[in-house]
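The following note goes through a single model point by point, for a reader who wants the criteria stated beside the values. Please read it with the structure open.

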Amino acid sequence: QVRGLCGTYNWNQQDEFTTPAGDVETSVTAFANKYRLSGDCPALGPFPLDPCGAFAGRRELAEAACAVLHGPAFQ
């Protein structure tokens with residue numbers, strides 16, 4: 001029963017970008033824009049998504065934070 005930024009966790013990659021309204025987006029930016037909490041936040045525009053390349057120094061921190069998804073809570 002997981003949905004949102006964590007994906008659906010049902011081994012079906014076709015529904016990973018399910019939005020709060022229940023529709024499925026086809027791009028990362030459209031999906032992320034559906035989760036903006038405030039109109040004050042700027043909408044994401046199309047851009048090449050390579051956060052590890054752009055922020056190489058943060059890779060280790062990101063991998064440690066995302067390790068939770070591979071932990072017992074999601075098994």
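1. Does Ala 30, at 24% relative accessibility, count as buried, exposed or partly exposed? With buried meaning under 20% relative accessible area, exposed over 50%, and partly exposed in between (1.4 Å probe, protein chains only), Ala 30 counts as partly exposed because its relative accessibility is 24%. Ala 30 is found in helix 1, and its C-alpha lies 9.5 Å from that of Thr 19, a residue 11 positions apart from Ala 30 in sequence.

2. On provenance, this is a predicted model, in which local features need pLDDT of at least 70 and side-chain atom pairs count only at pLDDT 80 or more, whereas totals for chains, interfaces and linings use all residues. Residues are numbered from 1 along each chain as its sequence is written, and side-chain values use heavy atoms, with hydrogens and water left out.

3. As to confidence, pLDDT (the predictor's confidence in each residue, from 0 to 100) averages 77 over the chain, and 80% of the residues score at least 70.

4. The chain has three helices and zero strands, where helices (H or I, at least four residues) and strands (E, at least two) are DSSP runs, numbered from the N terminus. Read from the N terminus on, the order of the elements is α-α-α.

5. For the chain as a whole, buried residues make up 15% of the 75 residues. The accessible surface, computed by the Shrake-Rupley method with a 1.4 Å probe, and for residues with only the protein chains shown counting as cover, comes to about 6,100 Å², of which 60% belongs to carbon and sulfur atoms. Taking contact to mean heavy atoms within 4.5 Å, 16% of the contacts between residues at least 6 apart in sequence join residues at least 24 apart.

6. Which residues do ring pairs link into a cluster? Rings of Phe, Tyr and Trp (its six-membered ring) pair if their centres lie within 6.5 Å, and planes under 30 degrees apart count as stacked, over 60 as edge-to-face and the rest as tilted. By this rule there are two aromatic pairs. One of them, Phe 17 with Phe 31, is stacked, at 4.9 Å centre to centre and with 25° between the planes. This pair links distant parts of the chain, since Phe 17 lies in the segment before helix 1 (28-34) and Phe 31 in helix 1, 14 residues apart. Phe 31 counts as buried because its relative accessibility is 6%, whereas Phe 17, at 27%, counts as partly exposed. The cluster joined by ring pairs consists of Phe 17, Phe 31 and Tyr 35.

7. The structure holds two salt bridges, a salt bridge being a side-chain nitrogen of Lys or Arg within 4 Å of a carboxyl oxygen of Asp or Glu. Lys 34 forms one with Asp 23, the closest N and O atoms being 3.3 Å apart. Lys 34 lies in helix 1 and Asp 23 in the segment before helix 1, so this pair ties together parts that are 11 residues apart in sequence. Glu 25 also forms a salt bridge with Lys 34, with the closest N and O atoms 3.0 Å apart. Through shared partners, salt bridges join Asp 23, Glu 25 and Lys 34 into one network. Glu 25 counts as buried because its relative accessibility is 18%, while Lys 34, at 41%, counts as partly exposed, and Asp 23, at 30%, counts as partly exposed.

8. Thr 26 is placed in the segment before helix 1 and is exposed, with a relative accessible area of 78%. The C-alpha atoms of Thr 26 and Gln 14 are separated by 9.0 Å, with the two residues 12 apart along the chain.
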